[in-house]
Amino acid sequence: MMRPGARQYVVTRPLYSEDSFAEEHEKVYRQRKTMLDHLKLYFTFDVKRVKHAALSLLPVIGWLRIYRIKEWLLPDVVSGVSTGLVAVLQGMAYGLLASLPPWYGLFSAFFPVVIYFFMGTSRHISVGPFPVLCLMIGSVVTRLIPDEGPPVNITGLEGLSVDDQRVLVASSVTFLVGIMQLGMGLLQVGFVVMYLSDTLVSGFTTAAAIHILVSQLKFVLGLQVSGFSGPLSLIYTLEVIFNKITSTNVCDLVIALIIMAMVFIVKELNDKFKSKLPVPIPIEAIMTVIACGVSYGFDFENKFGIDVVGHIPQGYESPVAPNLQIFQETAMEAFPMAIVGFAVAFSVAKVYSVKHDYTIDGNQELIAFGVSNMFGATFKSFAASTALSRSAVQESTGGKTQVAGLISAIIVMIVTLAIGFLLAPLPKSVLGAVVIVNLKGMLMQFRDIPYLWRRDKPDCVVWLCTCTASILLGLDLGLAVGLGVELISVVLRVQFPRCSVLANIMGTDIYKDRKDYFSIFEPEGVKIFRIPSPIFFANIDFFKNKLVEALGFNPLQILKKRNKALRRIKKLLKNGDLQWTSMGFLNTTCGSIGDSEDQDNMEELDQPIDFKDLPAQIDWNRDLPANIFVPKVEVHSLILDFAAVSFLDISALKGLKTMLKELIRIDIEVYIVACDPYILEKLHDCCFFDEEVQPSMFFLTLHDAMLNILDKHSEQTEKNPDHGKIITTVTVHNSLKIREKDVCDPVFQLLFL
């Protein structure tokens, strides 16, 4: 019965151990599939599985069937045109990041988009060049084909110009990235991206933004700076720039500053008035057109010596095969590119899928990007992912599906085939300025540092280490360092968890950390120890030490002292120095009994205490005869709360069993509560139980174990005036879903009888 104005429940039920609960309640039998069963299912083909496979590999079939032409087509067209204009400019700008001629960025904004239209599961991301990936490709390109000095000795590069050599390197690396992504997708290992936390990605992309910013300074300042790769490449690049700073082309600098100021201001206005604007103002495209016109009209290239895009070939080039020797040279660098490209795209896709209420498939995304990159690399494009700003344009302008992406690809194709020549007088400083302005979002991630430091210092350390390592060592090594620091932080958190001693909240069946509350009750002689993490080989010793700290004594040392004392008492009885009477032990010698040390069989002191050949058992908490001293143990019961223990490995099983035996051998009753059924099953399978460690020590809940202890030690409990503070009755009145048809009473019994 519910009390007015109160939320209470009352339950009356028997006290349950795991064994008694299993006897009273029959479990549902579930047959678990073996590895062979999974393999048979995987290789079983029928019409339904073929249809499902087709829909999985070509998600376009699924969403085209529900495409609402009247409602979605116009927004997709508007979004596609807007995104296409941004993609043209960003494609050319990011082509410079990859150390390639700008127009190859247009290829990357076209070919991967077409493939992703058919195979991608996200409806809103804009596929194409991503600045971080472009920079990583550029570092590989400049390493193999440096600005100064001979290229690396690779078969197939003979007779090619520097630009053609670089294009071949970039396309071969892209093809290898695609193979890796496709392989991971087919092997269903899309979960690997989960190891890249938001904190790590934030630190990594912030460092990448700094690399990108520095790489664009040479275009903004109009300087000729050779590319560097490897550790400290950023420092070397800045050194060269500062040495040549007096040679800055003032015209390039002024153009870049004007472009950056205008683009930044209009972008801020777009964000501020995005609810009122039908589409964002395409300021990059507008400023590009103006810059082209002014550059052509005033002949900036010849009058001021600025570097322009130059001739842009019309049409697409013939497909090429990747160079296998380049695969060997770049395999270690291609893998982080595959991971980063997928991780960023999947993160953005996940945000939009949640916002618009549809699902995406990580493994299918890997397959889609893998095929997109392999197909694009064949036509000399470089690795594609998604640019955050471009995806934001596609979504904010009303894009509903990847039809918008396909239309943006058509815009890029029109520029490539027909009007690309109009961009020939475009200053490269304009492209550099556009890239720098679009770094705002990534650079603003520095604001995360104070927040992370206040909320989660280990995460802040991961951010700082990833960012610092990526800046100094390069993006590939920096990512590896960041991943290593992140995994170490996870291991340390699990290896050194915050164990706690619990106490009962008076008048309830709730148990909380004794340090956090005032109104608590701890029955005399009872300790409740909570383990908040899995127990495995790395933290079993830490767990033991924390338990010893909570108990206030080392059970193994107590056991050895008791066995040593027992051995001495037996020796004294045998020699006649001690005699048992009804009043206890009695010294039969006139003098004091010396303290002799018996060094024989010291290794047997950790064995169970044997009272054989003694007239009575010894009460270790009383004074012992013959000046024998053994520390008294006030604890008679220990409850281990396993509610947060998700698994145990073999090393932990052995350590746990040894510890339990030590406790049992010094007469401490051990109870393990809230143990996961699969852990309990594993304990049975591993022959964990024996004559000392028995299944009866496992109880269903912490309160069940506590009530059992109070019942078992009722004489001591009744003497304690605080006994009534432990609640023994809980009643629930509520509607509950019952499996059995014949059970209809929603009131359950839980009484301590």
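**Exercise 1.** Classify tyrosine 16 as buried or exposed, and describe the geometry of its aromatic pair with phenylalanine 21.

*Solution.* Step 1: tyrosine 16 has 6% relative accessibility and therefore counts as buried, the term for under 20% relative accessible area, with exposed over 50% and partly exposed in between (1.4 Å probe, protein chains only). Step 2: phenylalanine 21, at a relative accessible area of 29%, is partly exposed. Step 3: Phe, Tyr and Trp rings (for Trp the six-membered ring) pair if their centres lie within 6.5 Å, and planes under 30 degrees apart are stacked, over 60 edge-to-face, the rest tilted. Step 4: the structure holds 28 aromatic pairs. Tyrosine 16 and phenylalanine 21 form an edge-to-face pair, at 5.1 Å centre to centre and 85° between the planes.

The model is predicted: local features need pLDDT of at least 70, side-chain atom pairs count only at pLDDT 80 or more, and totals for chains, interfaces and linings use all residues. Residues are numbered from 1 along each chain as its sequence is written, and side-chain values use heavy atoms, with hydrogens and water left out.

**Exercise 2.** Over which rings do arginine 123 and lysine 457 lie?

*Solution.* Step 1: the criterion requires NZ of Lys or CZ of Arg within 6 Å of the ring centre and within 35 degrees of the ring normal. Step 2: the charged end of arginine 123 sits over tyrosine 358, 4.8 Å from the ring centre. Step 3: lysine 457 lies over the face of tryptophan 453, 5.0 Å from the ring centre.

**Exercise 3.** At what angle do helices α12 and α19 pack, and how far apart are their axes?

*Solution.* Step 1: axes are lines fitted to C-alpha atoms over the stretch in contact, and angles run from 0 to 180 degrees between N-to-C directions. Step 2: α12 (residues 250–272) and α19 (residues 428–437) pack at about 35°, with axes 8 Å apart. Step 3: contact means heavy atoms within 4.5 Å; residues of α12 including Ile255, Ile259 and Val263 meet residues of α19 including Val430, Ala433 and Val437.

Definitions and conventions. Helix = DSSP H or I, 4+ residues; strand = E, 2+ residues; numbered from the N terminus.
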